[in-house]
Amino acid sequence: GGGQATMSVRQSLSSQSTGVLSKLDKPVEVYAFVEAGTDPIIDDLLDSYKNASNNFSYHIVDPVKDRDLAERYKVTEIPFLHIQYGEAGDENPQTATVTRDISEQSITNGLLKATAATKKVVCFLDGHGEADPDNRDARGASGLQDALRNENYETRKILPASEAAVPAECNVFVVAATERPLFDHEVTQLRDELVKASKREI
């Protein structure tokens with residue numbers, strides 16, 4: 001009697017998530033504070049991350065039973081995820097929190113936040129006839145891109161005319177050999193973002 005196959009709820013992670021996990025160079029520990037210390041969906045989701053990276057571990061915590069931990073991580077509502085990135089002995093590991101809507105997207109965004117300060121993201125401006133970092137000809141900026149990647153920088157191209165703001169994860173901005181002038185709104189936008197970025201760097 002070929003009974004009903006039980007579907008495994010294990011989610012296969014998106015390429016964005018596995019990409020973030022593959023770049024972890026220090027351990028990530030997640031404390032998931034959930035009602036009564038049990039939440040199969042969050043447990044399963046975090047398990048998918050754990051299976052995708054040796055640097056990822058997590059604990060499901062009952063905030064009532066483990067009040068000290070809940071207070072230490074300032075848990076105000078549940079579900080609440082405290083993400084920390086750093087070696088076990090780190091005095092102040094980088095952290096991020098995810099609350100309310102716990103999904104793969106929000107967890108991966110939390111991971112990006114927690115790991116952001118150590119991985120500097122270099123954004124190449126695209127859409128002005130700039131030197132293209134993916135282009136290998138003499139004018140292409142790909143040599144620079146390779147060098148940056150080796151230094152733990154991540155590179156990405158952005159089209160500021162189409163994006164209202166420069167993505168928050170850009171720590172460094174490269175405008176290489178533009179062939180047409182920047183639009184006024186792009187200049188203002190870049191200036192605003194650089195001010196923000198310099199505050200972020202501190």
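Strands and helices here are DSSP runs, numbered from the N terminus: a strand is E with at least two residues, and a helix is H or I with at least four. Two strands count as paired if DSSP finds at least two bridges between them. Within this pairing, Phe33 stands opposite Phe80 in strand 3.

A word on what you are looking at: this is a predicted model, in which local features need pLDDT of at least 70 and side-chain atom pairs count only at pLDDT 80 or more, while totals for chains, interfaces and linings use all residues. Residues are numbered from 1 along each chain as its sequence is written, and side-chain values use heavy atoms, leaving out hydrogens and water.

Strand 3 has a partner in strand 4 (residues 94–99) too: six bridges join them, and they run antiparallel. Here Ile83 stands opposite Ala96 in strand 4. Is strand 3 buried or exposed? Six of the six residues of strand 3 (residues 80–85) are buried, so this strand is largely enclosed by the rest of the structure. Buried means under 20% relative accessible area, exposed means over 50%, and partly exposed lies in between, using a 1.4 Å probe and protein chains only. In a regular strand, side chains alternate between the two faces of the sheet. Both faces of strand 3 are covered, with Phe80, His82 and Gln84 buried on one side and Leu81, Ile83 and Tyr85 buried on the other.

Now step back to the whole protein chain. It holds six helices and seven strands, and from the N terminus on the elements run α-β-α-β-α-β-β-α-β-α-β-β-α. Of its 202 residues, 37% count as buried. Contact means heavy atoms within 4.5 Å. Among contacts between residues at least 6 apart in sequence, 69% join residues at least 24 apart.

The expected span of a helix is 1.5 Å times one less than its number of residues. For the 13 residues of helix 2 that should give 18 Å, and because its end C-alpha atoms are 18 Å apart, the two agree. Its buried residues are Ile42, Asp44, Leu45, Leu46, Asp47, Ser48 and Tyr49. They pack against helix 1 (15–22), strand 1, strand 2 (56–61), strand 3 and helix 4 (104–116).

Ser17, Val20 and Leu21 are its buried residues. They cover an arc of only 100° around the axis, so they sit on the same side of helix 1; the arc is that of the directions from the helix axis to the C-beta atoms. On the other side of helix 1, Ser15 and Ser22 are exposed. The buried residues of helix 1 pack against helix 2, strand 2 and helix 4.

What do the nonpolar residues form? A nonpolar core is a set of buried Ala, Val, Leu, Ile, Met, Phe, Trp, Tyr and Cys residues joined through side-chain atoms within 4.5 Å. The largest one has 23 residues, and those with the most contacts inside it are Val28, Val30, Leu46, Tyr49, Phe56, Leu81 and Leu111. Helix 1, strand 1, helix 2, strand 2, strand 3, strand 4 and helix 4 each give two or more residues to this core, and the largest share, four residues, comes from helix 2. Leaving aside neighbours within four places in sequence, Leu46 is in contact with Val30, Ala32, Phe56, Tyr58, Ile60, Leu81 and Ile107. A second, separate core of seven residues includes Phe33, Val61, Leu69 and Tyr73.

Finally, look at the aromatic rings. Rings of Phe, Tyr and Trp (its six-membered ring) pair if their centres lie within 6.5 Å; planes under 30 degrees apart count as stacked, over 60 as edge-to-face and the rest as tilted. The structure holds four such pairs. Phe33 and Tyr73 form an edge-to-face pair, 6.3 Å centre to centre with 65° between the planes. Phe33 lies in strand 1 and Tyr73 in the loop between helix 3 (67–72) and strand 3, so the pair ties together parts that are 40 residues apart in sequence. Tyr49 and Phe56 form a stacked pair, 5.4 Å centre to centre with 25° between the planes.
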